[in-house]
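This briefing goes through one structure, from its overall dimensions down to single strands and helices. Please keep the sequence and the 3D view open while reading.

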Amino acid sequence: MPMAVPAVGGTPNGTSTSMPNGTASNLKADDNIARFSAPSRPLSPLGEHTLFHPKTRCFVYGLQPKAVQGMLDFDFICKRTTPSVAGIIYTFGGQFVSKMYWGTSETLLPVYQSSEKAMAKHSDVDTVVNFASSRSVYQSTMELMEFPQIKCIAIIAEGVPERRAREILHVAKKKGITIIGPATVGGIKPGAFKIGNTGGMMDNIVASKLYRKGSVGYVSKSGGMSNELNNIIAHNTDGVYEGVAIGGDRYPGTTFIDHMLRYQADPECKILVLLGEVGGVEEYRVIEAVKSGVITKPIVAWAIGTVASMLKTEVQFGHAGSFANSQLETAAKKNESMRAAGFHVPETFEDLPATLSKVYQSLVQDGTIKPQPEPAVPKIPIDYAWAQELGLIRKPAAFISTISDDRGQELLYAGMPISDVFRDNIGIGGVMSLLWFRRRLPDYASKFLEMVLMLTADHGPAVSGAMNTIITTRAGKDLISALVSGLLTIGSRFGGALDGAAEEFTKAYDKGLSPRDFVDTMRKENKLIPGIGHRVKSRNNPDLRVTLVKEFVHANFPKTTLLDYALAVESVTTSKKDNLILNVDGCVAVCFVDLLRNCGAFSPEEAEDYLRMGVLNGLFVLGRSIGLIAHFLDQKRLRTGLYRHPWDDITYLLPNLNNGAPGNEGRVLA
Amino acid sequence: MSAKSILEADGKAILNYHLTRAPVIKPTPLPPSATHNAPPRLASLHFPEGAAVKDILDQAEVTYPWLLQSGSKFVAKPDQLIKRRGKSGLLALNKTWPEAKAWIEERAGKVQRVETVDGVLRQFLVEPFVPHPQDTEYYININSVREGDWILFTHEGGVDVGDVDEKAEKLLIPVDLSEFPSNEEIAAALLKKVPQGVHNVLVDFISRLYAVYVDCQFTYLEINPLVVIPNADATSAEVHFLDLAAKLDQTAEFECGAKWAIARSATALGLPNVPSQSTKVTVDVGPPMEFPAPFGREMSKEEAYIAEMDAKTGASLKLTILNGNGRVWTLVAGGGASVVYADAIASAGFASELANYGEYSGAPTETQTYNYARTVLDLMLRAPMHPEGKVLFIGGGIANFTNVASTFKGVIRALREVAPLLNEHKVQIWVRRAGPNYQEGLKNIKNVGQELQLNMHVFGPEMHVSGIVPLALIPGKMNDSIKEFSG
């Protein structure tokens, strides 16, 4: 599979497409994208003790744009020339590149669907930050360890089964791979490399001076506390040299001793800090190393969880591994043993900064540590989204919405949480009143809206809209096409009687025309009165639908002015011809006007506004959609084939070019 | 989520079902048995609060008809993760059903002291009594360490097994199962003091037991006594695990949940009288595994509520009530920081006044934080007032990615709702937190404190993570030179 964008060392503007963005300049979006060639390997081979260095390159396994951006920002303020992340491995991916910021410009990180491809492309990568879930992390880590180039894997997931964790660390040990985690935030080497979310946001990284190296190496169990250590170390010494959070599980891939030994071997690391915890016996291996003289650098240490021995019952603390199975595993015993072995162990954890400061000062005095001049504090551009969350910036919005909001805990309809919509059982009419009119209407009004939907839902297969839907369906089109072809028929002739009736009746009433004057005017203008007349129903054979609406409206509406007016018009027209009754469209239309004008929820201006916007047509469209979908389903169910209208049902009259101008078709030629 | 103890009845059900089913790691000395084990006879009886003990015992006779077989003798014991029950007089051996019934009736629902812990007896296990010669009692223990799994075995099992660490034979099975020892190696390592004649039978059983341990992801398994009675030609044996304690790795639920569940299904347990088509749909065949709270630490309604919330989200929410009438309450973010706070409170001399342990982390939503905070506040304000007032720590480390302002919104909402009560109970509130957008979070909480006239002190990252604990609890530590967050 070819990469959509050259992954490394790509030709500049390889796939650039000009982006018309409205500005007159010739700047292309692509011009702001930084591209990096593969870095050369460090010239001198690094010591065994070096896990991370300023040229460390890694993959991030899993789609974690925030964490990756954090790593790139860190690289940028550490003045790395290439980002530490070479690519993203995302097995569910379909995307070839992921766009990231490099300072203020942008860069593209390749996204690979398989580890194999990623490894083949980037032979310089030796580290993976694995964000796979607790369920899949075993399989992916085992796979990653198959590649000889991988030297270190950080496992972030919490809740990895203990047997799987042990299998991973067993294989890793055989292959000489360093595993950090599971259940950790990772680790950080100031000025060089940061794993995932370690160190928190950029402002904290700057506050804890993690952009340049110090002299203190630490190992902690907890990821949260590692951040606290960054802070303590920054305030009491010349800063962090390297820090690793091994994770709170029972079987971390590497433990205190592994990293302590590295720090011991690294000449640039001068002070060791160990933050242990109740549970496990790994601290004792560090004690042995000190006793046997393997570790000689000063260690400031504390084991948290001293409270456990003072409680009456056993408590499982936040970390899975923090549970003492024997006296040896208690924090109190660990602190005591570490103190006895010559570690600098404070009285309480609160005293640790003072202890650390004392050790640091003594090393400065004897010249072991020479404090370096402080470099300028780097600036990192703040992300737009974050700045907005902090309330630092504002910008005019391109869109405004005043009816619904999906951003919060619950979907809101005009301010009403969706759970209330159901609890109050406001029905579809209630939802319509919220979304269409942004207010709760009285119950009878919601009921009336629902009645209209029910009445307009369908009017048989023969009407134009339904016909169009049926024909489209039979042409093999999908639901939306069939529905829309029916809906597009709606206009002043089909389904338009509602709007027309509302308009004409309202106009006449508002002008103060008497019903008889209204009928006369319309006749003089040769206009049919919309909403009057039915093909079969008459005064003596009334349309039951109209009766239903009339009864409901008379029983529930506070005022029925326009309905009463329309009924008076009906009595004029029926006196001329029996079937010129107020039909269902006319009745619904005038009642709806009565509702808008008299229910008390609308000002007169609002009522007119809604009518002008065509809300009545909306009612018809919504109601009739039910019927049109029904016709679609019906045709599909019946497996009807493509429709072709029979020739004999079409009169063909074509112009005969030999017989003068068109327009004379059908004339019998003399 | 970690290694959790399970009921003895569940442990036995899993062993009984999977002993013949779990794939053995290497061929064992005996041919695989042609039939699977018969359903185990485990009458597991639960006596919920307020239920009539007698009704439950009567129902047991319907559910477990074998209890009524004439001439049967039974063992009855509480099944609540209590160690050394025999020593505490919580073991009724060789009893007829009416005797066992009376024994249980006397104890069910009553408070019992075991060593230093008081707890209510609610869960009992009744099984057939197995008469056996003393020399068939063995002890076996499998437990996991970093390098592999230790198998401890001694031929002198029973109540008086003594210090097994000292006297048991030990064998470390490496994590990599391709290095699993041969039958001869197992026999040589563990069975030195056992007559040659039963070696095959025991090696076979130990291998199968270990296969279940691996297949069902136990982290601890102890059987004492383990009774193995070989048949005449030692080609097979009758094995009874009389007393058992086990822990499963709860995090392995996604791999083993189905195996745990099926062993506990009505069919596997041979319960014809339990409606097999229960109306409740479960994820697996059989009920999901239950992980009971330790003896004497029955989960309160509130703890259960938080545990449920915890199980339903990616965030972590934990709450353990240590002393509901304690003066010192904590509302701390972060698995590590929460322990540090508890430590600091204890080292200030307030271990007995520490009311709760808990933590929230992993970016909980505002609503989750609100519900969590509200639960803790309710518990604190429901307890009787204390003449010296109470102390609430709203603490936490420097968050890595949680937006502090947004989680604090939840805390603030909860504080607002109970503000008058907080003052009535004379609650001092000490706040320390940092991380993304902490400035906003601290400013908001400080404003609310002032607006509602709460006795509140607010600190940011300049303060040591748990530095507020001594300031609040040890008189004279707080002075004017210590600057609060000024926002």
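The points below are grouped by topic. The model is predicted. Chain A has 670 residues, and chain B has 487 residues.

**Chain A as a whole**

- Chain A contains 23 helices and 17 strands.
- Along the principal axes, the C-alpha atoms of chain A fill a box of roughly 120 × 75 × 50 Å.
- The radius of gyration of chain A is 39 Å, whereas a compact globule of 670 residues would have one near 26 Å.
- In chain A, 43% of the residues count as buried.
- When contacts in chain A between residues at least 6 apart in sequence are considered, 71% of them join residues at least 24 apart.

**Chain B as a whole**

- Chain B contains 13 helices and 19 strands.
- Its C-alpha atoms fill a box of roughly 85 × 55 × 45 Å, again taken along the principal axes.
- In chain B, 46% of the residues count as buried.
- Of the contacts in chain B with a separation of 6 or more, 73% are between residues 24 or more positions apart.

**Nonpolar cores**

- In soluble globular proteins, nonpolar side chains tend to be buried together.
- The largest nonpolar core here has 171 residues, and those touching the most other members are A:Phe59, A:Val60, A:Val273, A:Leu274, B:Ile345 and B:Phe393.
- Helix H9 of chain B, residues 335–350, gives the most to this core, contributing ten residues.
- Another core, of 66 residues, lies apart from it and includes B:Ile6, B:Ala22, B:Ile151 and B:Leu221.
- Leaving out residues up to four places away in sequence, B:Phe393 touches B:Thr330, B:Leu331, B:Val332, B:Tyr341, B:Trp430, B:Ile468 and B:Val469.

**The six-stranded sheet of chain A**

- This open sheet has mixed pairing, and its strands follow the order S10-S9-S12-S11-S13-S14.
- Strand S10 (193–194) and strand S14 of chain A are at the edges with a single partner strand each, so one side of each has no neighbour in the sheet.
- Strand S11 (residues 216–220) and strand S12 (residues 240–245) of chain A are parallel and pair over five bridges.
- Within this chain, A:Val219 has A:Val244 in S12(A) as its bridge partner.
- Helix H9(A) lies across S13 and S14 of chain A and runs at about 165 degrees to S14(A).

**Helix H8 of chain A**

- Helix H8 of chain A spans residues 282–291, and its buried residues include A:Glu282, A:Glu283, A:Tyr284, A:Val286, A:Ile287 and A:Val290.
- Just after H8(A), A:Gly293 has a positive phi of about 80 degrees.

**The three-stranded sheet of chain A**

- A further open sheet has antiparallel pairing and the strand order S15-S16-S17 in chain A.
- Its edge strands are S15 (404–405) and S17 (416–417) of chain A, each of which pairs on one side only.
- Strand S16 (residues 412–413) of chain A runs antiparallel to S17(A), and two bridges join them.
- A:Tyr413 has A:Met416 in S17(A) as its bridge partner.

How values were computed. Residues numbered from 1 in each chain as written. Chains lettered and ligands numbered in written order. Predicted model: local features only at pLDDT ≥ 70, side-chain atom pairs only at ≥ 80, totals over all residues. Helix = DSSP H or I, 4+ residues; strand = E, 2+ residues; numbered from the N terminus. Rg over C-alpha atoms; globule rule 2.2 N^0.38 Å. Buried ≥ 20, exposed ≤ 12 C-beta atoms within 10 Å, placed from the backbone. Contact = placed C-beta atoms within 7 Å. Core = buried A, V, L, I, M, F, W, Y, C linked by C-beta atoms within 7 Å. Pairing = 2+ DSSP bridges. Axes fitted to C-alpha atoms, helices over the stretch in contact; angles between N-to-C directions.
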